[in-house]
Amino acid sequence: MTATTPHQVDLREPSGWRRAKNQFATGAMWFTFLCLLVPLGFVLVTVIAKGASAISWQFLTNGTIPPNILPANVGGMGAAVIGTLEITGFAAVMAIPLGILGAVYINEYGGNRPLSRLISFLSDVMTGVPSIVMGLFVFTIWVLHFGYSGLAGSFSLACLMLPIVIRSSYEMLRLVPNHLREASYALGATKARVTLTVVLPTAVGGIVSGALLAIARAAGETAPLIFTILTVEATNPDLFHGADTALSTQIFTNATQPYTGATDRAWGSALTLIAIAFILMIVARLVTARFNRYPR
Amino acid sequence: MEQPEQDVVEQTVSTRLPRLETTVKASSTTPGTTIFDVSNVSIYYGAFKAVTDVSLPIYEHEVTAFIGSSGSGKSTVLRALNRMNDLVPGARLEGTMTYRDADLYGRGVSATAVRRRIGMVFQKPNPFPKSIYDNVAYGPRINGQRNKAKLDEIVERSLRGAALWDEVKNRLRQSGLALSGGQAQRLCIARTIAVEPDVVLMDEPASALDPIATLAVEDLIRELKQNYTIVIVTHNMQQATRISDRTAFFSVLTDAKNDTRTGVLVEHGPTQQIFEDPQDSRTQAYVTGRIG
């Protein structure tokens with residue numbers, strides 16, 4: 001057999017321009033991937049190297065943040081951890097349901113109506129508003145009348161999260177195939193039923209991970225909190241009254257001090273914040289996996 | 001010219017499709033109650049007139065097949081029967097369409113209430129991303145059935161009705177998306193009959209299936225005829241002769257002057273008559289395979 005077919009078919013990629021292009025593109029992708037890893041790696045390595053020594057159980061739970069001149073092993077950042085969780089948590093409670101409802105309206109109900117296009121447009125504009133402007137906005141309409149509070153911080157974080165939640169939820173709802181909606185309508189479901197029992201359950205994995213990404217993003221925001229919570233040194237268990245504190249603003253105030261104790265506290269707080277974001281990401285993955293038991 | 005064509009028709013029907021005899025005998029009796037009465041219906045999508053002036057009756061406990069080439073409006077008419085076209089922005093209907101003497105498009109008629117009586121199976125199997133059980137229980141649940149024992153009973157009865165029970169009874173909790181194409185389509189049929197509709201509309205239910213799965217679905221359609229009225233759109237003319245009692249042939253009417261196309265109903269009647277003795281030359285051309 002082989003003797004009668006002296007020319008075996010060459011199935012390799014032909015040499016020349018096509019092969020060169022392919023190799024160049026592959027190389028370029030690896031290069032950009034490695035470039036991307038460099039800042040990420042530096043940030044993680046630096047924060048862990050400098051922050052790990054400051055971290056202790058006492059650092060995470062002791063409620064009184066000491067004056068800047070004292071070393072990092074005195075007192076702790078407990079107040080800021082509680083403040084961050086409270087403020088970000090309440091912001092999430094406000095922004096996530098509102099954002100999901102907004103996305104449901106745009107995608108399921110609004111269609112091409114002017115209101116739907118207006119909401120969509122404004123949420124895109126809102127994404128581009130600098131976070132410090134959100135802080136000033138809340139300062140003007142809330143803090144000037146009712147004083148500093150964790151609640152004011154929650155408001156400004158919620159303003160930041162809202163467009164992210166709307167956009168990510170909208171993209172997820174858009175991915176729900178129309179034939180699933182039709183199947184539900186054909187069984188005599190109303191629009192609300194279709195949305196609640198088919199569209200949202202199908203998109204829930206993506207919506208949840210989008211919402212958790214928004215939380216992680218908001219937890220690290222500093223600028224919107226500067227004008228709204230004032231950043232004090234003691235635990236404030238009341239979210240609604242009195243000045244509060246948060247990890248991100250503590251990083252800012254401590255890192256701008258010349259004292260080594262303050263600098264160590266800033267690194268420790270940074271590591272704590274990254275850890276909180278990391279835990280949220282893991283939760284997001286688990287939740288997504290849990291909801292996608294019946295993937296498409 | 002006409003004579004040889006006639007021979008071809010008879011040959012096709014009598015030798016290759018032995019089932020036709022039995023199907024036609026069943027319907028040669030006088031038709032039963034009229035379920036749908038479509039008269040002078042035109043359907044528009046925005047400015048586009050998809051279907052022009054369709055009139056036909058559909059009878060109880062029969063399988064009515066809509067055949068015709070693409071763009072002839074057969075799916076559009078089918079989807080008008082349970083108001084699925086309402087979901088298409090800009091869709092509009094002129095003329096009257098009644099269901100058991102009630103005007104389907106009358107004032108105060110709820111599309112939701114219509115669809116609870118008139119179910120639909122789609123071209124592409126579209127199970128929900130839920131378990132097999134939840135797929136079938138979906139319809140009863142949205143209609144307020146919460147009783148676990150009742151739901152179990154409905155799920156089993158519906159899956160048996162769709163000839164799927166034996167294949168899935170040990171894995172009701174598994175995803176409906178894990179089924180093969182033919183099984184998924186029978187799951188969709190089970191889901192449709194779980195709400196005990198009066199009519200089942202089918203939009204090319206077997207066109208995405210292999211021949212064996214197609215036969216399974218066709219057997220099922222013949223079974224379902226005992227309890228339901230079925231209207232089926234099909235591109236497969238042999239399928240129409242195998243399963244339907246009555247056939248309606250749709251065609252595209254092209255207006256070269258204004259460059260518009262619209263679907264029209266050319267002819268309808270008992271399936272055997274449409275395939276063996278069509279009255280219109282367009283029907284004859286289509287069923288003998290000269291066009292389409």
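Q: What puts two residues in contact?
A: Their C-beta atoms, placed from the backbone, must lie within 7 Å. In chain B, 71% of the contacts between residues at least 6 apart in sequence join residues at least 24 apart. A word on the source: this is a predicted model, where local features need pLDDT of at least 70, side-chain atom pairs count only at pLDDT 80 or more, and totals for chains, interfaces and linings use all residues. Residues are numbered from 1 along each chain as its sequence is written, while chains are lettered from A and ligands numbered from 1 in the order in which they are written.

Q: How do the chains meet, and how many residues of chain B are in contact with chain A?
A: Here 23 residues of chain B are in contact with 18 residues of chain A.

Q: How many residues of chain B count as buried?
A: A residue is buried if 20 or more other C-beta atoms lie within 10 Å of its own, exposed if 12 or fewer, and partly exposed in between. Of the 292 residues in chain B, 47% are buried.

Q: Which residues have the most contacts inside the largest nonpolar core?
A: Such a core is a set of buried Ala, Val, Leu, Ile, Met, Phe, Trp, Tyr and Cys residues joined through C-beta atoms within 7 Å. The largest one has 143 residues, and Met161(A) and Val165(A) have the most contacts inside it. Leaving aside neighbours within four places in sequence, Met161(A) touches Ala91(A), Ala92(A), Ala95(A), Ala214(A) and Ala218(A).

Q: How many helices and strands does chain B have?
A: Both are DSSP runs numbered from the N terminus: helices (H or I) of at least four residues, strands (E) of at least two. Chain B has 12 helices and 10 strands.
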